[in-house]
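Me: I've got a model open and I'd like to talk through it with you. Can you take my questions one at a time?

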Amino acid sequence: MNLKLILAALSIPVLLILQSAEAIDKTELKKEAVSIVKRFGSTLKPELKNAIMTGGPEHAIYVCSERAPAIAQSLSDDTGWYVNRVSLKPRNSQTAIPDAWERKVLEQFDQRQASGESAEKMAFSEVVNGKFRFMKAQGVQTVCMNCHAAEIKPETEAALREKYPLDKARGYSLGQIRGAFSLSRDL
């Protein structure tokens, strides 16, 4: 038998095994990313609700500005993933501005929502330049409306201007995508 035919015959099963292993890894990485997003939300949301109850939306602005980046950093340190939140209309001009890949995914999320898909379960992942990248849409919930709606209280407006002079994260309606959790991990 020809040596080239033997090598070709042997390489097909090896290639299939490698492709299968890659698919399993991506599935596991996606599960891990979803778990990290849930941890982020389950940590931040109760703190924001408590801040609103104790000091109103103005207090929540300060809590969010300090706690959200701290939670992202803590999760990054604990998990080995890079964890962030990004938006096409960023509030925090230091951390929330998307890179080119994130911008493309956020625009796709907006298109998917315009086609009727709910933000609740919307996510996207792929391998880019040796990194597994994952984004989970962040829809506007009731608690978000205090600071992200088209119309907000004057005292909330003043607090936002003070903390975020370049704020663009306004004018949202309930359920609308206002950004996404963005995670990445070296492979």
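Me: Let's start with His 148. Which helix is it found in?
Reply: Keep in mind that this is a predicted model. The helix in question covers residues 145-148, and His 148 is part of that run. So the name you want, going by the definition of helices as runs numbered from the N terminus, is helix 3.

Me: Is His 148 buried or exposed?
Reply: The cut-off for buried is under 20% relative accessible area. His 148 has a value of 8%, so the word is buried.

Me: And what is His 148 in contact with, leaving aside neighbours within four places in sequence?
Reply: One part of the list is the run Ala 169, Arg 170, Gly 171 and Tyr 172. Arg 178 is also there.

Me: On to helix 2. How far does it reach from its first C-alpha to its last?
Reply: Helix 2 spans residues 100-114, which is 15 residues. At 1.5 Å a residue, 21 Å is expected. The model comes close to that, with a reach of 21 Å.

Me: Where do the buried residues of helix 2 sit, seen down its axis?
Reply: The buried ones are Trp 101, Glu 102, Val 105, Leu 106 and Phe 109. An α-helix has 3.6 residues a turn, so residues three or four places apart point the same way. In helix 2 the buried residues fall within an arc of 130°, so they line one face of the helix.

Me: Which strands do those buried residues pack against?
Reply: The buried residues of helix 2 pack against strand 1 (82-86) and strand 2 (123-128). The list goes on with strand 3 (131-139) and strand 4 (177-186). On the face turned away from the buried side, helix 2 carries the exposed Ala 100, Gln 111 and Ala 114. So to the strands, as contact is defined by heavy atoms within 4.5 Å: strands 1, 2, 3 and 4.

Me: What reaches the backbone nitrogen of Trp 101 at the start of helix 2?
Reply: The distance is within 3.1 Å. The atom that reaches there is a side-chain oxygen, and it belongs to Asp 99.

Me: Last one: which element gives the most to the largest nonpolar core?
Reply: That core has 22 residues, and Phe 40, Trp 81, Val 83, Phe 134 and Leu 183 touch the most other members. Strand 3 and strand 4 are among the elements that each supply at least two residues. The top contribution is 15 residues, and it comes from helix 1.

Methods
Residues are numbered from 1 along each chain as its sequence is written. This is a predicted model: local features need pLDDT of at least 70, side-chain atom pairs count only at pLDDT 80 or more; totals for chains, interfaces and linings use all residues. Side-chain values use heavy atoms; hydrogens and water are left out. Helices (H or I, at least four residues) and strands (E, at least two) are DSSP runs, numbered from the N terminus. Buried means under 20% relative accessible area, exposed over 50%, partly exposed in between (1.4 Å probe, protein chains only). The expected span of a helix is 1.5 Å times one less than its number of residues. The arc is that of the directions from the helix axis to the C-beta atoms. A polar contact is a pair of N or O atoms within 3.5 Å; within protein, one must be able to donate a hydrogen and the other to accept it, and residues adjacent in sequence count only if both atoms are side-chain atoms. A nonpolar core is a set of buried Ala, Val, Leu, Ile, Met, Phe, Trp, Tyr and Cys residues joined through side-chain atoms within 4.5 Å.
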